[in-house]
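Biologist: I'm new to this one. Could you walk me through how to read it?
Modeller: Happy to; have a look first.

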Amino acid sequence: PIPCVPCLLRLLYDTRFEVFKEFCAKAGGGVDPMKATPATIDKFLQQLQKEKNLGKSVLAGYKSAIVKIQSDQKEQAKAENTKAAPTATKPPLPAKPMTRATITPVDQKPTPPAKPPQVTAAKSVSTTQAMTPPPQPKSTQQPTSQGRTPAGQSSQKAPQSRDTTPQGRPAVQKTPQ
């Protein structure tokens, strides 16, 4: 079976932290790796880069491992301290009795009873109905044919000029020759 990702990550972090512990024991002058300062961690990363020529992302992985294990250890120690010494915290203060000021009204008129809120049925309107304007009727004008007129009928209409073409370009004005 393949180990879980958090298990593999923990194994990688532990392996990298062991390398840091060795550095602290040798070159760090006996520094406790759990209490190592950021300066000590930086010295370790510089040495690691010189010795093994590691890339920035790998060095960042080493730093993440060290910081993570240090913070986990601090949280664990803090949790153990709070369980062992619960009397170290201050006991809660007893609640003080609440005293209220007495207000005497100047003019004592009876107040009318409160009216219950009026409930009305609201008509449900969808947002598309409320927001969309009614459709405009389409023009029923028939396009005129440009063919010949029937015999006996003369065409009384003068040709209409257009300002623009159907494509939206300015129309070229034709002048009669």
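Modeller: The torsion about the S-S bond of Cys4 and Cys7 is about 65 degrees, so this disulfide is right-handed. Keep in mind that this is a predicted model: local features need pLDDT of at least 70, side-chain atom pairs count only at pLDDT 80 or more, and totals for chains, interfaces and linings use all residues. Residues are numbered from 1 along each chain as its sequence is written, and side-chain values use heavy atoms, with hydrogens and water left out.

Biologist: How many disulfides does the structure hold?
Modeller: A disulfide is a covalent bond between the sulfur atoms of two cysteines. The cut-off here is a pair of cysteine sulfur atoms within 2.5 Å. The structure holds one, and the sulfur atoms of Cys4 and Cys7 sit 2.2 Å apart.

Biologist: Is Cys24 buried or exposed?
Modeller: Buried means under 20% relative accessible area, exposed over 50%, and partly exposed in between (1.4 Å probe, protein chains only). Cys24 has 0% relative accessibility, so Cys24 counts as buried. Cys4 is partly exposed at 35%, and Cys7 is partly exposed at 45%.

Biologist: Which element gives the most to the lining of the second largest pocket?
Modeller: Rolling a probe the size of a water molecule over the atoms shows where empty space is left. On a 1 Å grid over the protein atoms alone, a pocket is an open set of points where a 1.4 Å probe fits, with protein on both sides within 12 Å along at least five of seven lines; lining residues have an atom within 4 Å of a point. Here α2 gives the most, with five residues. Among the lining residues are Phe23, Phe44 and Leu48.

Terms used: Helix = DSSP H or I, 4+ residues; strand = E, 2+ residues; numbered from the N terminus.
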